[in-house]
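Keep the sequence and the 3D view at hand as you read.

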Amino acid sequence: DIKVLDDKNPPTGRYTAAALVGGHPFVMYVNQKLNHLRTIRCNDPLCVSWTGAYVDTISGPHSCPQYPFCPYGVFPFVTTSPFTGYPILSYFNETSKTSGSGKVAQCANVDCTQSVIQDTVTGPDGWGRDSCVAFGRQG
């Protein structure tokens, strides 16, 4: 079955990433109208109910007048920490037409209602795009 989880403020879901967290579907996506990076974690394997969270945002819907939408939270990647079992999100933030940054959000719980966000790399436009997170043998 296909389930619509959030369509209240289109365009929603242009940039998405998904993983299983605790055996339940977990999706991160961008709500371009409200400039939010959002997550949804299904509370059960069939996603009858779900918990949503706003992970990162920029101020106001017109914060990027040079674009039809803000390139914030785009090119996402999600994985699960082998230590906590909580999601770890990686995404790109274009701060201007000439600079950008890669970001990582470490969720503090399975629903990602709390997180710690870090800039991992900042530089010319395009830095931090198409990122991913991996863990070595030592973590």
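Thr51 is partly exposed, with a relative accessible area of 22%. On this scale, buried means under 20% relative accessible area, exposed means over 50%, and partly exposed is anything in between, using a 1.4 Å probe and protein chains only. Thr51 is found in strand E4. Helices (H or I, at least four residues) and strands (E, at least two) are DSSP runs, numbered from the N terminus.

Which residues does Thr51 touch, not counting those up to four places away in sequence? They are Thr39, Ile40, Arg41, Asn43, Asp111 and Thr113, where contact means heavy atoms within 4.5 Å. Arg41 is ten residues from Thr51 in sequence, and their C-alpha atoms are 5.4 Å apart in space. With Asn43, the side chain of Thr51 makes a polar contact to the side chain at 3.1 Å. A polar contact is a pair of N or O atoms within 3.5 Å; within protein, one must be able to donate a hydrogen and the other to accept it, and residues adjacent in sequence count only if both atoms are side-chain atoms.

## About the model

This is a predicted model, in which local features need pLDDT of at least 70 and side-chain atom pairs count only at pLDDT 80 or more, while totals for chains, interfaces and linings use all residues. Residues are numbered from 1 along each chain as its sequence is written, and side-chain values use heavy atoms, leaving out hydrogens and water.

## Two disulfides

How many disulfides are there? The count comes to two, taking a disulfide as a pair of cysteine sulfur atoms within 2.5 Å. A disulfide is a covalent bond between the sulfur atoms of two cysteines.

One of them joins Cys42 and Cys47, with the sulfur atoms 2.0 Å apart. The torsion about this S-S bond is about -80 degrees, so the disulfide of Cys42 and Cys47 is left-handed. Cys42 is buried at 4% relative accessible area, and Cys47 is buried too, at 6%. The other disulfide joins Cys107 to Cys112, again with 2.0 Å from S to S. It is left-handed, with -70 degrees about the S-S bond. Both Cys107 and Cys112 are buried, and the relative accessible area of Cys112 is 1%.

## Positive phi at two cysteines

Most residues other than glycine have a negative phi. Cys47, although not a glycine, has a positive phi of about 60 degrees; it lies in the loop between strand E3 (36–42) and strand E4 (50–57). Cys112 also has a positive phi, near 60 degrees. The loop that holds Cys112 runs between strand E7 (99–107) and strand E8 (115–124).

## Aromatic rings

There are two aromatic pairs. Rings of Phe, Tyr and Trp (its six-membered ring) pair if their centres lie within 6.5 Å; planes under 30 degrees apart count as stacked, over 60 as edge-to-face and the rest as tilted. Tyr15 and Phe75 make a tilted pair, 5.5 Å from centre to centre and with 55 degrees between the planes. This pair links distant parts of the chain, 60 residues apart: Tyr15 is in strand E1 (residues 12–21) and Phe75 in strand E5 (residues 72–80). Tyr15 counts as buried at 17% relative accessibility, whereas Phe75 is partly exposed at 23%. Ring pairs link Tyr15, Phe75 and Phe92 into a cluster.

Elsewhere, Arg38 lies over the face of Tyr54, 4.7 Å from the ring centre. A charge sits over a ring if NZ of Lys or CZ of Arg is within 6 Å of the ring centre and within 35 degrees of the ring normal.
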